[in-house]
Amino acid sequence: EAVVTIDDFPGAGGLHALTKSVKVTVGDKVFKYVYKQVHHSPEALERSRSLGTAREAIFYNEFAPTAPFSVPKVLCSFGDMKTGEKKVVLEDLGVSGIQSGYFFGPGSPLNWGKDLPALLAKVPREVSAKEVALDAFREMAKMHKQFWNNASLLELDWIRAGSWYKGEQEATWMASQSYGKGCWDKTKA
């Protein structure tokens with residue numbers, strides 16, 4: 001018999017996402033997962049749709065299974081770019097992973113409302129912001145080198161900015177720029 005416990009995932013989640021910690025206990029074995037979902041409010045779904053955040057779920061389905069770079073194990077993933085819906089269940093990396101975004105400070109929209117000093121207190125002292133940023137950059141470089149200058153990716157309508165490179169979907173470009181400007185204006189204030 002399995003026992004499932006679902007709790008808030010401290011420090012996780014974004015401006016329009018729900019993130020939960022899921023623990024499944026079967027006998028003496030414990031499995032830990034992360035559940036991510038876009039809130040079902042009309043505002044959150046519209047924001048997700050305009051920003052294209054469902055692409056995370058599509059990425060896990062289309063690229064993660066054969067990725068030659070670090071990706072958590074994905075149990076299930078659903079994303080719909082038209083509605084903005086997103087649901088993902090993936091392995092919890094636990095202490096082996098550090099959210100690099102914590103080091104971006106309180107001005108980052110992803111950190112709004114988070115207790116950053118408490119979250120950063122859990123980071124081993126020998127880990128520096130510079131080291132985390134370099135590691136994140138190296139991981140992103142590994143991912144991007146696999147697809148560099150691959151024009152066939154522009155045919156995938158869920159790829160970020162693919163339509164923009166083709167001169168399409170000006171409304172999503174404007175929504176993205178407006179969102180970024182609003183975040184910058186809030187940070188400056």
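Two strands pair if DSSP finds at least two bridges between them. Helices (H or I, at least four residues) and strands (E, at least two) are themselves DSSP runs, numbered from the N terminus. In strand β3, Ser 21 has Val 34 as its bridge partner.

The model is a predicted one, in which local features need pLDDT of at least 70 and side-chain atom pairs count only at pLDDT 80 or more, while totals for chains, interfaces and linings use all residues. Residues are numbered from 1 along each chain as its sequence is written, and side-chain values use heavy atoms, with hydrogens and water left out.

The protein chain has 6 helices and 5 strands. Read from the N terminus, the order of elements is β-β-β-α-α-β-β-α-α-α-α. The radius of gyration, taken over C-alpha atoms, is compared here with a globule rule of 2.2 Å times the number of residues to the power 0.38. The chain has a radius of gyration of 18 Å, close to the 16 Å from the rule for 189 residues, so it is as compact as a globular protein of that length. Along the principal axes, the C-alpha atoms fill a box of roughly 55 × 40 × 35 Å. Of the 189 residues, 30% are buried, where buried means under 20% relative accessible area, exposed over 50%, and partly exposed in between (1.4 Å probe, protein chains only). A contact means heavy atoms within 4.5 Å. Among contacts in the chain with a separation of 6 or more, 50% come from residues 24 or more positions apart.

The strands form an open sheet of 5 strands in the order β1-β2-β3-β5-β4, with antiparallel pairing. Its edge strands are β1 (2-8) and β4, each of which pairs on one side only. From one strand to the next, the twist averages 20 degrees. Angles in this text run from 0 to 180 degrees between N-to-C directions, and axes are lines fitted to C-alpha atoms, for helices over the stretch in contact.

Within the sheet, β2 (residues 17-26) and β3 (residues 29-38) pair in the antiparallel sense over 10 bridges. Ala 17 has Val 38 of β3 as its bridge partner. The hairpin of β2 and β3 has 2 residues between the strands, and Gly 27 takes a positive phi near 65 degrees there. Strand β3 is also joined to β5 (residues 86-91) by 5 bridges, and these two strands run antiparallel. Val 34, the partner of Ser 21, stands opposite Leu 90 in β5. In a regular strand the side chains alternate between the two faces of the sheet.

The helices come next. Helix α2 lies across β3, β4 and β5, and runs at about 130 degrees to β4. In α1, the buried residues are Ala 44, Leu 45, Ser 48, Ser 50 and Leu 51. These buried residues pack against β3, α2 and α6. Just after α1, Gly 52 takes a positive phi of about 70 degrees.

How do α1 and α6 meet, and at what angle do their axes cross? The axes of α1 (residues 42-51) and α6 (residues 170-188) come within 8 Å and cross at roughly 110 degrees. That makes α1 roughly perpendicular to α6; angles under 35 degrees count as roughly parallel, over 145 as roughly antiparallel, 65 to 115 as roughly perpendicular and the rest as oblique. On the α1 side the contact is made by Arg 47, Ser 50 and Leu 51, and on the α6 side by Thr 172, Ala 175, Ser 176 and Tyr 179. By class, this contact has 3 nonpolar, 3 polar and 1 charged residues. Here Ala, Val, Leu, Ile, Met, Phe, Trp, Tyr, Cys and Pro count as nonpolar, Asp, Glu, Lys and Arg as charged, and the others, Gly among them, as polar.

Some loop residues remain. Most residues other than glycine have a negative phi. Asn 149, in the loop between α4 (129-145) and α5 (162-165), has a positive phi near 60 degrees. Asn 149 counts as exposed because its relative accessibility is 69%. Ala 161 lies in the loop between α4 and α5 and has a positive phi of about 75 degrees although it is not a glycine. At 16% relative accessibility, Ala 161 counts as buried.

Pro 68 sits in the loop between α2 (55-62) and β4 (74-79). With a relative accessible area of 55%, Pro 68 is exposed. Pro 68 and Asp 92 are 24 residues apart in sequence, and their C-alpha atoms are 19 Å apart in space.
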